[in-house]
Amino acid sequence: MKLPWSCLVLTVGLWSGTRYPDIGPSSVWLTLVTAFTAAESLTNDTSPSDTFIYADKNFTFTITANANGDIWFSMAAPATYGWFAVGTGSRMAGSLMFVAYGDGTPTGMHWNCQSNTMLIHLPGVTLSPRLSNGHSEPTYSDKIKLSKANPPRGPINMYQDGMYYVSGSCRGCTHLAPNTLDLTSTAQPFIFALGEEGRYPATTSLDGPLRRHAYYGYFTMDMTKATDGGGDDPISLHNVNANAVLIGKSIVTDHDICDPGHAFVMVLAWLIIFPLGILSLRILKNVKLHMMFQTIGLILGIIGAATGFYLTTLYNRSKHFNSAHQIIGLLLVIALIGQWVGGFLHHRYYVRNQRPWMNGQPIKGHKLVLGPVVLVVGLVNAAIGFNFAVAHQWNYIYVPFAIVMIIASTAIIFVRDIIARRLAGRKQNPIIGPPQPMPFGGQPPPPAGPGGFYGRDPAPPSLAASTRSDIALDRLPSHDPPSYDAEPVKPRDMI
Ligand code: HEM
Ligand code: HEM
């Protein structure tokens with residue numbers, strides 16, 4: 001098969017490939033789309049209708065109905081919002097909702113070299129029928145006979161000029177939910193909402209993951225003015241408010257602190273606090289500072305878990321508690337509590353008895369196994385969390401930070417250990433001559449004679465080849481260890 005170069009250039013050059021609507025299409029693209037969508041009206045658009053416009057947010061909803069309880073509507077909102085929706089009634093609980101969001105098709109054009117034709121990729125919109133139980137994500141229901149409709153005029157179920165346009169028809173729609181649609185009412189209550197910006201379900205799936213709204217509001221419509229005797233009435237979006245009244249002064253801004261709060265405390269704990277705690281022990285050799293940082297981290301972890309449990313109740317994707325993020329998160333928080341208790345018990349035992357608790361096994365696990373595992377898995381879990389929360393774009397910022405943090409901390413510890421080993425090697429070098437007085441007024445360690453180290457039994461042979469961390473905790477002088485808050489007077493001897 002021979003592909004001409006011009007074909008390749010055209011394909012690459014014209015393909016804009018964006019999933020996200022806030023990146024506008026090219027002018028060539030616009031020209032073509034306009035030509036494509038501005039088709040002349042095929043049916044008349046004179047059915048009785050009501051239109052609600054919330055100009056400040058550029059939200060529009062037009063509805064018409066017939067006496068059989070069938071409805072047709074069109075709605076539009078800026079595509080920067082994660083989703084937009086209208087529901088029946090004056091509150092979420094019991095509402096029948098029509099939710100719209102971008103379907104994730106990339107915008108662009110593509111030259112088909114086989115047929116020598118230009119293919120236009122239309123960024124589409126998904127229209128999802130949902131039922132709501134209250135203050136949580138409404139659930140998709142296949143019992144609602146909602147389908148997309150072709151309005152007589154205007155954009156047909158698509159993105160255009162920074163807006164999403166969608167039209168639907170719902171058969172026998174008036175009594176599908178507790179909040180009914182009364183076609184004889186002159187003040188039928190409705191609610192509407194706009195999803196948070198940057199959280200795009202970007203899917204054709206009808207149960208696409210919604211993130212809590214940024215704004216919600218209430219309006220009423222005079223349904224008697226929008227209902228006729230029968231027949232099919234696909235309706236276009238009208239641009240003048242008609243027979244509709246906003247309830248309240250304005251739309252309500254939803255202040256959701258739990259979601260950003262959960263992400264903030266968890267990322268703060270894992271990206272900043274726990275690494276500082278580790279560095280304060282490995283570099284500064286300051287146990288007290290280590291305990292302080294790890295205690296702050298644990299408190300943040302517990303606050304994060306509490307907000308995580310609340311968020312779990314809000315979303316369909318989380319309410320069964322079966323996602324990797326939630327399960328790993330819960331295990332991490334349990335391990336974190338275990339780490340803290342283990343570290344604390346070891347420390348208390350050590351202060352009282354001058355030797356490690358249970359031969360140093362728990363603290364070995366604390367330092368060498370559970371510590372690094374909790375840190376690294378926690379960092380990975382945050383990235384999984386952003387994906388889970390329909391916010392994968394945050395990973396473009398978070399993941400590089402996490403990688404830099406892991407590399408920088410490992411390098412600092414590694415370099416510090418090399419320097420310490422070199423200094424220790426120099427101290428034992430016979431060329432230097434007889435033992436020198438210790439700097440900072442310290443005493444040189446007594447020779448390990450028959451009485452063993454510092455007057456204690458020699459270390460068992462099993463420890464001869466053990467690591468720096470466990471030897472240090474086993475071969476301890478019999479005098480009191482320095483207090484944890486005392487200023488260091490000399491660097492600790494390296495073993
Ligand atoms: C992920 C999806 C959603 C979640 C997690 C959610 C959650 C919530 C929460 C927690 C509140 C209480 C807010 C407060 O006390 O300030 C609320 C209120 C409200 N929501 Fe939603 N909501 C979602 C989707 C929707 C949709 C699709 C609509 C509109 C069709 C909507 C309309 C409203 C309205 C009008 C209120 C105030 C009236 C009421 O208390 O029911 N919500 N929502
Ligand atoms: C008890 C354990 C945990 C539970 C129950 C839990 C629950 C949740 C839930 C339900 C979400 C989704 C919120 C949404 O869809 O908008 C979420 C998001 C998230 N979680 Fe967790 N989580 C837990 C532990 C953790 C841990 C240990 C970390 C980090 C180390 C973490 C970091 C995150 C992040 C970064 C997000 C994204 C939040 C956003 O974008 O606003 N979570 N978590």
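A crossing of two helices is left-handed if the near helix is turned anticlockwise from the far one by less than a right angle, and right-handed if clockwise. Keep that handy for Exercise 1.

This is a predicted model, in which local features need pLDDT of at least 70 and side-chain atom pairs count only at pLDDT 80 or more, while totals for chains, interfaces and linings use all residues. Residues are numbered from 1 along each chain as its sequence is written, and chains are lettered from A and ligands numbered from 1 in the order in which they are written.

**Exercise 1.** Work out how α4 (287–312) and α5 (324–353) pack.

*Solution.* 
- Start with the elements: helices (H or I, at least four residues) and strands (E, at least two) are DSSP runs, numbered from the N terminus.
- Take the axes, which are lines fitted to C-alpha atoms, for helices over the stretch in contact, with angles from 0 to 180 degrees between N-to-C directions. For α4 and α5 the angle is about 150 degrees, and the axes are 10 Å apart.
- Angles under 35 degrees count as roughly parallel, over 145 as roughly antiparallel, 65 to 115 as roughly perpendicular and the rest as oblique. So α4 and α5 are roughly antiparallel.
- Now the hand: α4 crosses α5 in a left-handed way.
- Contact residues (C-beta atoms, placed from the backbone, within 7 Å) include Leu298, Gly301 and Ala305 of α4, and Gly329, Val333 and Trp340 of α5.
- Sort them by class: Ala, Val, Leu, Ile, Met, Phe, Trp, Tyr, Cys and Pro count as nonpolar, Asp, Glu, Lys and Arg as charged, and the others, Gly among them, as polar. This contact has 8 nonpolar, 9 polar and no charged residues.

**Exercise 2.** Describe what surrounds ligand 2.

*Solution.* 
- Count the residues near the ligand (C-beta atom, placed from the backbone, within 6 Å of it): there are 30, with Met266, Gly308, Gly329, Gly385 and Ala389 closest.
- Find the elements giving two or more residues: α3 (258–282), α4, α5 and α6 (361–388). The largest share, 7 residues, is from α3.
- By class, the shell around ligand 2 holds 17 nonpolar, 11 polar and 2 charged residues.

**Exercise 3.** Is His255 buried or exposed?

*Solution.* 
- Locate His255: the loop between β16 (244–253) and α3.
- Apply the cut-offs: buried means 20 or more other C-beta atoms within 10 Å of a residue's own, exposed 12 or fewer, and partly exposed in between, with C-beta atoms placed from the backbone.
- His255 has 7 other C-beta atoms within 10 Å, so His255 is exposed.

Notes:
Contact = placed C-beta atoms within 7 Å.
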